[in-house]
Structures are given as C-alpha cells and as structure tokens.
Amino acid sequence: VREGRAMALQHYRGSLLGATLTEALEELREQGKLHDDGIEKVLTSFDEVTSDALEGQGILAQPHNQQLGEWYMRTKITIKGHLNMFRGVDNVWTLLVTDAGLKVEPGNEPEIKLDALKIIAMQKQT
C-alpha cells in the first residue's frame, strides 16, 4: 500500500518546483556529490511533504496561518469552459479545459480568462 501511495505522489515532481529540484539533484549526481539512493530519498521526501502541505493538514493546520485557513473555508473558485479532455488512471484524474474562465468568490477581481487550463486531481489516500 505504501509503495502504491508513493507512486501516486510522484506527480508533484512535474511541477516547476519539482522539476527544479530534480535538475539540482542531477547536477549534484554529475559532480559526484550525491548518489542514486540519496536522490531517491530526497525526491520521496519532497513527494510526501508536498502532498501533506497541499491536502490542508500541513499548511492550514499551522497556528500562524489562521487567516489562510479562514480564506480556504470561505472561498469558492468557479471554472467555466469547454471540457476538451478527461482521463482517469489509478485514482488520478486529468482534465483539460479550453477557453476557460476562473472566478474567485468572494472577491472583486474580474474573471480570469485562459486559453487552456489543466487540472490534475487525486483521490485522497487514507
């Protein structure tokens, strides 16, 4: 079960932060300062910490983030557009919405217009 969860969390490595971390680790490998097992430990830790922070129990549980928690509980984001692609594999869903509009409520900001919006969602692992 733990191995399956670890595989499911690896999608965070595709983010800008994950890609930058991977690039830095590759540089350290090329310089002989880090080996494969060390790289895997760092990436696995990145996957778990990122998942914990984004699921709301990490960042929002911190006392100094009370305002962020309040914002999280009362904010609604509405997405409108054309669902161009939908794919679900191993409890990870990918949606591609074209001609997308995002509206954050409550808020006075105008709707955000995007040519395309890619959403990746994963079922929470318990």
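I77, I79 and V104 form a nonpolar surface patch of about 230 Å². Patches of this kind take residues with over 30% relative accessible area and no salt bridge, nonpolar side chains (Val, Leu, Ile, Met, Phe, Trp, Tyr) being joined within 5 Å and like charges within 9 Å; a salt bridge is a side-chain nitrogen of Lys or Arg within 4 Å of a carboxyl oxygen of Asp or Glu. Accessible areas come from the Shrake-Rupley method with a 1.4 Å probe, and for residues only the protein chains shown count as cover. The model is predicted, with local features requiring pLDDT of at least 70 and side-chain atom pairs pLDDT 80 or more, whereas totals for chains, interfaces and linings use all residues. Residues are numbered from 1 along each chain as its sequence is written, and side-chain values use heavy atoms, without hydrogens and water.

The chain contains four helices and three strands, in the order α-α-α-α-β-β-β from the N terminus. Helices (H or I, at least four residues) and strands (E, at least two) are DSSP runs, numbered from the N terminus. Of the 126 residues in the chain, 20% are buried, where buried means under 20% relative accessible area, exposed over 50%, and partly exposed in between (1.4 Å probe, protein chains only).

I77, a residue of strand 1, counts as partly exposed because its relative accessibility is 48%. I77 and I79 also belong to the lining of the second largest pocket, together with L102, L117, K118, I119 and I120. Strand 1 (76–89) and strand 3 (112–122) are the elements that give two or more residues to this lining, and strand 3 gives the most, with four. The lining comprises six nonpolar residues, one charged residue and no polar residues; Ala, Val, Leu, Ile, Met, Phe, Trp, Tyr, Cys and Pro count as nonpolar, Asp, Glu, Lys and Arg as charged, and the others, Gly among them, as polar. The volume of the second largest pocket is about 160 Å³. A pocket is an open set of points on a 1 Å grid over the protein atoms alone, where a 1.4 Å probe fits, with protein on both sides within 12 Å along at least five of seven lines; lining residues have an atom within 4 Å of a point. Points are joined across faces, edges and corners, and the volume is the space filled by probe spheres set on them.

Backbone geometry was also examined. Most residues other than glycine have a negative phi, and most peptide bonds are trans. D99, in strand 2, has a positive phi of about 50° and is exposed, with a relative accessible area of 54%. E105 and P106 are joined by a cis peptide bond with omega of about -5°, and P106 lies in the loop between strand 2 (92–105) and strand 3.
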